[in-house]
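Here is a short briefing to read with the viewer open. Take it one topic at a time and click along as you go.

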Amino acid sequence: VDRAVRLGDLVARFGGRLESSAGGENSSGDPAATRVTGFASLAEAGPGQMSFLANPRYRKDVPATRAEAVLIRQSDADALRAASPPPSAVLWLCDNPYATFARVAQALQDLVRVAPAPGLAPGAQVAPDAQLGADASIGPGAVIGAGCVIGARTQIGAGCVLGAGVHIGADSLLYPRVVVYDACVLGARAIVHAGAVIGADGFGFARDGAAWVKIPQTGRVVIGDDVEIGANTTIDRGALADTVIGDGVKLDNQIQIGHNVRIGAHTAMAACVGIAGSATVGARCTVGGGAIILGHLKVADDVNISAASVVTHSLHQPGHYTGFYPIGDNAAWEKSAAVLKRLPELRTRLRRLEQGVAAAASSSAGPAAAPPPSDATTDKP
Amino acid sequence: VDRAVRLGDLVARFGGRLESSAGGENSSGDPAATRVTGFASLAEAGPGQMSFLANPRYRKDVPATRAEAVLIRQSDADALRAASPPPSAVLWLCDNPYATFARVAQALQDLVRVAPAPGLAPGAQVAPDAQLGADASIGPGAVIGAGCVIGARTQIGAGCVLGAGVHIGADSLLYPRVVVYDACVLGARAIVHAGAVIGADGFGFARDGAAWVKIPQTGRVVIGDDVEIGANTTIDRGALADTVIGDGVKLDNQIQIGHNVRIGAHTAMAACVGIAGSATVGARCTVGGGAIILGHLKVADDVNISAASVVTHSLHQPGHYTGFYPIGDNAAWEKSAAVLKRLPELRTRLRRLEQGVAAAASSSAGPAAAPPPSDATTDKP
Amino acid sequence: VDRAVRLGDLVARFGGRLESSAGGENSSGDPAATRVTGFASLAEAGPGQMSFLANPRYRKDVPATRAEAVLIRQSDADALRAASPPPSAVLWLCDNPYATFARVAQALQDLVRVAPAPGLAPGAQVAPDAQLGADASIGPGAVIGAGCVIGARTQIGAGCVLGAGVHIGADSLLYPRVVVYDACVLGARAIVHAGAVIGADGFGFARDGAAWVKIPQTGRVVIGDDVEIGANTTIDRGALADTVIGDGVKLDNQIQIGHNVRIGAHTAMAACVGIAGSATVGARCTVGGGAIILGHLKVADDVNISAASVVTHSLHQPGHYTGFYPIGDNAAWEKSAAVLKRLPELRTRLRRLEQGVAAAASSSAGPAAAPPPSDATTDKP
């Protein structure tokens with residue numbers, strides 16, 4: 001199969017315009033006729049490959065690239081035109097080269113991706129009353145429970161297990177060994193990676209003496225459209241109400257979402273994040289890897305939380321929040337961590353010293369010395 | 001199916017007593033005859049639903065609730081009787097409304113839960129010498145190894161894999177895709193969520209030059225009765241001895257328990273906790289999400305560890321322990337984290353200043369000045 | 001089956017030499033004829049068992065052990081010979097008792113391990129063009145995709161799913177329910193524990209307004225020889241280039257390796273570590289449990305990172321690095337964490353005090369007072 005695509009066809013589909021540099025080596029004639037098959041970095045691209053310039057820092061790599069074409073902003077192209085030598089690659093001018101790269105790369109990948117045959121693979125088991133949309137496919141050994149509704153063209157991978165009454169929208173893709181518990185809902189164009197578990201019980205127990213009594217978790221997980229869920233990520237079902245994941249949310253691997261959590265649209269979380277029960281995270285937030293948000297907190301829209309930070313109080317304002325111990329040489333850490341524990345004492349000694357010095361100054365120099373700043377009142381970590 | 005249950009029948013089973021408020025709207029006649037189907041929060045409950053008052057803070061929501069009945073302590077009911085208007089719901093007086101809610105909700109859930117048919121589902125594979133208890137069920141595609149013993153009424157979910165010689169007690173429930181390695185033991189009434197892995201090798205290697213030589217992990221995992229294990233949680237088998245999980249332990253999702261760990265009865269751990277090899281955790285402890293306990297440490301009974309804290313030394317006394325960097329605005333964190341690294345230097349400067357001031361005071365004012373407090377000796381993080 | 005092995009045969013295979021203590025109780029005649037079946041600790045070993053002395057701290061346990069034989073260094077044996085009573089066990093003198101223990105224990109375990117029958121178990125599905133090496137075995141319900149190449153004697157566990165074009169070397173062992181995505185490569189003698197996911201998409205999205213556009217992840221995961229991968233660990237495929245794991249790398253459970261990460265040979269990582277995208281970790285490093293390495297950083301060879309530490313800048317020198325908040329009593333933590341946030345202010349006050357005292361000293365005692373140390377310039381966390 002020749003999977004090379006004409007640049008002109010891609011531009012017609014994704015927008016922007018082509019510009020062939022004067023004197024470029026491989027701009028023989030019509031740039032729209034150049035054929036490409038995929039992407040590589042500016043430094044590594046070769047014949048038949050495209051590249052992109054998203055970060056102006058790499059602008060100096062454009063003239064030397066052997067890529068056939070480079071997705072680039074007008075401003076970067078203008079700066080390059082002034083430079084010498086001019087780039088030999090075709091320049092594909094567009095507003096957002098990185099997003100256009102993503103879209104074009106998707107289109108090229110779709111050309112070579114082999115979709116499984118529609119219908120049931122050997123060993124798949126589908127409940128008699130489950131509904132499969134047109135061209136949906138159920139992989140080998142997958143199990144689809146009673147009353148499930150699977151959208152058109154949705155692919156359920158090998159060994160997936162869907163409980164009773166699960167609804168999944170159209171054009172979704174579950175990789176192998178995903179488990180979705182009873183009654184959970186996924187939207188259209190979902191991508192769920194292997195080993196993810198959606199709808200397991202939230203962690204709810206009532207204390208009764210020394211023992212714990214399980215609280216049935218009777219809510220669901222309800223997931224919007226265009227959500228991606230990483231490998232081995234777990235999203236718990238709600239206790240009484242539902243756990244809700246908004247449209248366009250992107251969750252990396254090994255994330256844990258507790259019961260009754262709500263996550264706003266287009267929020268993205270890196271791997272190993274943990275969100276405790278009943279927390280609400282706004283829209284368009286980013287959460288760095290390994291960060292933790294404690295239960296029942298509210299995080300506003302447009303909040304960015306750094307990796308490894310622990311959110312212990314609600315964050316009502318957009319902004320960038322951080323909190324982790326800075327790494328250092330182990331011996332230096334041992335010293336600073338030891339002093340850290342004595343910080344309240346150091347502060348007391350500092351205050352005492354300030355008062356002593358102020359008193360001495362006031363007795364020797366009169367009433368001019370200012371009182372030391374107060375700091376003892378409303379400390380909260 | 002009419003799954004509504006008479007309040008009187010529930011009270012007969014779970015204890016407490018019913019009290020109908022004078023003048024209540026829906027207390028028409030005998031409160032024991034009121035029929036209910038499930039629970040909701042005080043604010044959201046409607047006809048046919050019960051609710052509960054566990055936290056006196058929400059007492060003000062009781063008069064307005066549309067719940068048919070409210071589980072409540074005598075003391076809260078007394079306080080409400082003084083208020084006006086009196087609650088219209090039937091009050092179900094009991095000692096521990098939250099635990100009673102949990103038990104009643106379980107009973108109501110059992111009424112609607114559809115147990116799988118006993119025996120082997122299509123595609124299940126059971127070794128000829130494995131023993132299945134009465135009414136045990138083995139889900140589609142599950143694999144039961146040689147010599148396994150499965151208790152009565154225990155349900156093994158779709159795609160579960162049990163190695164050779166695994167023992168599981170009665171009335172247990174393994175959700176889909178749980179893996180239990182050879183020779184591991186689970187007690188009665190276990191609940192294990194999807195993707196959990198019990199009995200994988202502990203992380204044991206001997207160094208030999210630059211390379212690592214694997215140390216066979218020949219112990220087992222031995223789990224008591226009434227244990228719940230969350231989705232994608234992993235519990236490693238012991239190296240020479242066993243890894244042991246006590247009765248009534250509750251483990252949330254994505255927890256990692258290393259080899260030879262021992263966890264005491266009724267200890268509960270939130271998601272993403274990691275317990276390193278050979279650590280011993282006492283009974284009735286709680287461990288917050290993302291906390292880490294390092295290897296070979298001992299944690300006493302009745303210890304509470306906050307989320308995201310790192311236990312680096314044994315905790316011999318019951319109590320509440322915490323250690324993580326407080327989150328803040330990123331710019332503020334950058335400043336405080338930078339100074340943190342210079343904390344030992346700041347302490348030295350403070351001490352020097354104290355000594356200078358004391359010396360100046362002593363030379364000008366005589367021998368009255370006290371020496372500064374000593375702080376240089378036994379610092380340990 | 002008699003699985004007891006003569007000590008003499010083991011020494012011939014693994015090196016070292018046997019020495020029977022004068023007057024030992026069970027050294028009847030030829031120590032090489034002693035037969036053993038396995039290992040236990042010095043304190044717990046009984047008849048037929050061996051033990052080892054790796055840490056000289058436990059040397060005092062050797063005389064009393066009931067083990068048949070003890071792997072021991074010459075220097076420890078010499079020290080014991082001076083002690084009284086002399087050990088009754090046979091001493092197996094070798095250079096590295098812990099590594100020899102590991103190798104001998106492996107050999108003993110191999111004697112009792114039951115390998116699955118070669119070929120396909122019931123329910124296994126193998127693509128017609130996949131190649132299986134001699135005596136390779138495919139477990140119940142496992143799915144092997146088109147064009148896969150499986151090495152000789154390699155065992156694929158129940159329910160594993162291998163995508164198209166996966167290559168796995170000889171003598172490897174995949175436990176149940178491992179997923180390997182298309183085109184990924186594992187070397188010889190790999191051990192992969194249950195639930196691991198190799199080759200899921202890296203977390204790559206381009207922002208386009210509020211939404212995210214997925215960047216296809218077209219690289220592979222390429223894993224060297226002698227690598228062990230823990231339960232539920234995830235290793236993402238590269239975006240454009242590959243994710244590369246070197247020979248002899250050991251990864252514990254629930255580790256997350258992002259796209260385009262490179263890990264050098266013989267590096268070992270404890271459970272719950274997260275390595276963000278495009279980070280490069282050197283050879284022979286160790287990373288403690290729960291540590292995080294941020295994206296695009298470089299960690300040199302022979303670096304040791306403590307548990308729970310967050311690597312936020314490249315570590316170019318070998319050494320031991322640490323950074324986490326020391327745990328303490330919760331009340332003490334609340335105080336120190338509160339002061340921590342005011343650390344920049346405390347430093348300012350200290351500096352002001354130093355300047356005031358220096359000025360006072362200089363005005364009263366002349367020009368001898370030194371200026372306070374400067375600290376305000378290049379702080380970075």
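Predicted model: local features only at pLDDT ≥ 70, side-chain atom pairs only at ≥ 80, totals over all residues.

Chain A falls onto chain C by a rotation of 120° with 0.0 Å of shift along the axis, at an RMSD of 0.0 Å. That is the relation of a three-fold axis. Chain A has 5 helices and 40 strands, and 55% of its 381 residues are buried.

**Symmetry**

- The superposition of chain B on chain A likewise takes a rotation of 120° with 0.0 Å of shift along its axis, and the RMSD there is 0.1 Å.
- In chain B, the C-alpha nearest that axis belongs to Y325(B), at 3.4 Å.

**Overall build of chain A**

- The radius of gyration of chain A is 29 Å, whereas a compact globule of 381 residues would have one near 21 Å.
- Along its principal axes, the C-alpha trace of chain A spans about 90 × 70 × 35 Å.
- Take the contacts in chain A between residues at least 6 apart in sequence: 22% of them join residues at least 24 apart.
- The accessible surface of chain A is about 14700 Å², and carbon and sulfur atoms account for 54% of that area.
- Chain A carries 32 positive and 33 negative side chains, and the centres of these two sets are 5 Å apart.

**Residues that touch other chains**

- N330(A) sits in helix α4 of chain A, which covers residues 330–341.
- With a relative accessible area of 14%, N330(A) is buried, because the cut-off for buried is under 20%.
- Setting aside neighbours within four places in sequence, the contacts of N330(A) are S306(C), H320(C), Y321(C) and T322(C).
- N232(B) belongs to the loop between β25 (228–229) and β26 (234–236) of chain B.
- Is N232(B) buried or exposed? N232(B) is buried, at a relative accessible area of 2%.
- Not counting residues up to four places away in sequence, N232(B) touches residues of chains A, B and C, among them N232(A), G195(B) and N232(C).
- Other contacts of N232(B) include T233(A), Q254(B) and Q254(C).
- Between N232(B) and I198(B) there are 9.9 Å from C-alpha to C-alpha, with 34 residues of separation in sequence.

**Loop residues with a positive phi**

- Most residues other than glycine have a negative phi.
- D302(A) is not a glycine, yet has a positive phi near 60°.
- D302(A) is found in the loop between β36 (298–299) and β37 (303–305) of chain A, and is partly exposed at 32% relative accessibility.
- In chain B, H296(B) also is a residue other than glycine with a positive phi, of about 65°.
- H296(B) lies in the loop between β35 (292–293) and β36 (298–299) of chain B.
- H296(B) has a relative accessibility of 64% and therefore counts as exposed, since the cut-off for exposed is over 50%.

- S314(B) is placed in the loop between β38 (310–311) and β39 (319–322), where its relative accessible area of 22% makes it partly exposed.
- Which residues does S314(B) touch, not counting residues up to four places away in sequence? The residues are L297(B) and K298(B).
- S314(B) and A300(B) are 14 residues apart in sequence, with 8.2 Å between their C-alpha atoms.
- C160(B) occupies the loop between β14 (155–156) and β15 (161–162), and is buried at 0% relative accessibility.
- Leaving aside neighbours within four places in sequence, C160(B) is in contact with G141(B), A142(B) and V143(B), and with L174(B), Y175(B), P176(B), R177(B) and V178(B).
- The C-alpha atoms of C160(B) and Q106(B) are separated by 25 Å, and the two residues are 54 apart along the chain.

Methods
Residues numbered from 1 in each chain as written. Chains lettered and ligands numbered in written order. Heavy atoms only, no water. Least-squares fit on C-alpha atoms with pLDDT ≥ 70 in both. Helix = DSSP H or I, 4+ residues; strand = E, 2+ residues; numbered from the N terminus. Rg over C-alpha atoms; globule rule 2.2 N^0.38 Å. Buried < 20%, exposed > 50% of the residue type's maximum accessible area, 1.4 Å probe, protein only. Contact = heavy atoms within 4.5 Å. Areas by Shrake-Rupley, 256 points an atom, 1.4 Å probe, with all protein chains shown as cover. Lys, Arg positive; Asp, Glu negative; His and termini not counted. Charge placed at Lys NZ, Arg CZ, Asp CG, Glu CD.
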